[in-house]
Amino acid sequence: GVNFAPRFAHSITPSLLANSSSKPSGETAAVNVITALSGTLIVAFGADLYNLTPPSTWSASTDTLPATPVDDIWFNSRIYFALGASGYSYLATAAGVATDVAAGAADPAAHSFAVWDAKLYAIDTSGRLWSSSTGNAASWTGLATLPIFNTTDIDLVVYDDSAGDPTIWALTAFGPWIYDPINDKWFQSRFQFPEFDRLFTGRGMGTDGRDSLFVKGSDHQLYKTQISSTAYVVENVTPGKNFLPSAYSGEITSMVADNHNLYVMIGDSSTTSGINWCIFVYNDDNEVPVWHPLSINTADNSTQPLVAAIIASSSGHRLYYHDNNSTDGHIVRWLELLDLEKDPSQFSTINYAASAQVDLPWFDNFEESRDKLALRVRAKCLGMSANETLTISYRTDFSTGSFTTLGSAIAASGETTIWFGTNNVGMSFKSIQFRLAFARGATTTNAPK
């Protein structure tokens with residue numbers, strides 16, 4: 001169907017299992033940083049730092065920072081935390097106490113970090129750029145200030161300039177700006193947009209990955225910038241541009257990338273209080289933007305996740321992210337990303353969500369007004385049992401109402417045929433949409449396919 005791209009052409013399955021690392025005992029603050037140092041995972045709940053031993057063993061609080069961190073980065077064998085008006089802190093050992101550096105004339109009120117040319121760069125709360133070769137207190141050089149009137153929302157990233165040389169970019173609510181280190185100046189990039197408010201200051205404006213720079217615009221608009229023949233090519237690669245359900249068409253709250261994919265978190269509104277959010281994975285290996293839903297949340301009054309990190313360790317190659325729900329409060333969840341590359345028909349070690357549904361695109365054969373006849377549905381299934389089932393339902397004529405269940409749940413592998421209409425006479429329609437509802441039993445590696 002149009003705009004429908006299953007991860008593997010011959011197989012549709014439930015999404016990956018969103019594992020829980022829970023939270024430290026008694027902790028109620030939101031997750032603001034997920035990072036790692038020397039193989040140890042470090043999570044900031046508010047200003048409190050903890051070590052996480054996967055899957056769910058938490059240390060006691062190792063330190064309390066002077067303020068809640070709004071950005072973090074690895075540099076000089078340390079983790080640096082941007083603390084806004086309170087300056088910054090850095091941590092040399094995972095279980096140690098951070099060194100706190102107060103903002104002042106010689107040290108930045110750090111809002112976002114980047115590493116370039118063997119130096120640590122910081123943008124401060126007034127939009128001024130700073131650099132340091134060590135990251136120590138009183139080692140900073142003040143540089144040019146961004147010529148924009150609102151410096152609340154700025155992310156620093158490193159990406160190529162028009163000559164193909166890496167440099168500092170500042171992603172702002174007005175669009176990206178590029179730093180010229182020779183002349184100590186900021187220049188506007190080729191694409192700008194009207195100012196918009198973001199959910200969360202200090203991060204989430206964009207990221208570099210897959211040899212591209214991805215920048216968010218208002219609502220769930222996403223732009224991909226790439227160098228081509230010494231010119232910038234800008235493409236709108238908005239996730240689900242023509243098929244994203246309205247329940248998941250709010251603001252992009254976070255995005256991270258690895259060598260394989262871009263992972264984008266999208267909420268259902270322009271506030272953090274919406275209950276619906278999803279994680280999409282983007283890939284353009286065949287030069288065609290393809291989006292796959294990776295994880296969907298509609299369970300309860302959860303807050304849309306604002307913090308995410310990809311961390312590779314002896315435990316696995318995982319996407320860690322912040323979740324907040326009415327049952328557990330603020331917790332850390334993770335997805336095993338290596339499972340994304342495994343064909344579900346060939347591997348039996350993938351862990352799946354307990355249930356999932358897939359709404360297929362509307363079908364009208366490009367003749368919306370012409371009557372058509374639906375006779376039967378044939379479903380080829382694998383991995384089915386009394387506990388692993390598939391239920392098919394449908395709705396017609398571009399209805400936005402509920403779906404009608406077709407037949408009964410399929411619990412047997414092989415091909416199953418379900419007919420429309422009494423005595424298999426069929427059903428008239430102009431357009432039709434199917435929903436596939438998957439369910440599994442207690443064994444997480446079992447799933448209907």
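This is a predicted model: local features need pLDDT of at least 70, side-chain atom pairs count only at pLDDT 80 or more; totals for chains, interfaces and linings use all residues.
The peptide bond that runs from Pro 54 to Pro 55 is cis, with omega near 5 degrees, and Pro 55 belongs to the loop that lies between strand S4 (48-53) and strand S5 (57-58). A positive phi, near 60 degrees, occurs at Ala 118, a residue other than glycine; Ala 118 is placed in the loop between strand S11 (110-116) and strand S12 (119-124), where its relative accessible area of 64% makes Ala 118 exposed. Asp 184, likewise a residue other than glycine, has a positive phi near 50 degrees and is found in the loop between strand S17 (175-180) and strand S18 (185-188). With a relative accessible area of 32%, Asp 184 is partly exposed.

An open sheet is formed by 4 strands in the order S7-S8-S9-S10, with antiparallel pairing. Its edge strands, each pairing on one side only, are strand S7 (71-75) and strand S10 (99-101), and the twist from one strand to the next averages 20 degrees. Within this sheet, strand S8 (residues 78-82) pairs with strand S9 (residues 88-91) in the antiparallel sense over 4 bridges, and Tyr 80 has Tyr 90 in S9 as its bridge partner. Tyr 80 and Tyr 90 also belong to a cluster linked by ring pairs, which includes Phe 75, Tyr 88, Phe 113 and Trp 140.

In total, the structure holds 17 aromatic pairs. One of them joins Tyr 159 and Trp 169 edge-to-face, at 5.9 Å centre to centre and with 65 degrees between the planes. This pair links distant parts of the chain, since Tyr 159 is in strand S15 (residues 154-160) and Trp 169 is in strand S16 (residues 166-172), 10 residues apart. Tyr 159 is buried, with a relative accessible area of 6%, and Trp 169 is buried with a value of 0%. The ring centres of Phe 214 and Tyr 282 are 5.5 Å apart and their planes stand at 75 degrees, so that this pair, too, is edge-to-face. Phe 214 is buried, at a relative accessible area of 1%, and Tyr 282 is buried at 0%.

Arginine side chains also lie over aromatic rings: Arg 128 is placed over the face of Trp 130, at 5.0 Å from the ring centre, and Arg 318 over the face of Trp 334, at 3.6 Å from the ring centre.

Key
Residues are numbered from 1 along each chain as its sequence is written. Side-chain values use heavy atoms; hydrogens and water are left out. Helices (H or I, at least four residues) and strands (E, at least two) are DSSP runs, numbered from the N terminus. Buried means under 20% relative accessible area, exposed over 50%, partly exposed in between (1.4 Å probe, protein chains only). Two strands pair if DSSP finds at least two bridges between them. Axes are lines fitted to C-alpha atoms, for helices over the stretch in contact, and angles run from 0 to 180 degrees between N-to-C directions. Rings of Phe, Tyr and Trp (its six-membered ring) pair if their centres lie within 6.5 Å; planes under 30 degrees apart count as stacked, over 60 as edge-to-face and the rest as tilted. A charge sits over a ring if NZ of Lys or CZ of Arg is within 6 Å of the ring centre and within 35 degrees of the ring normal.
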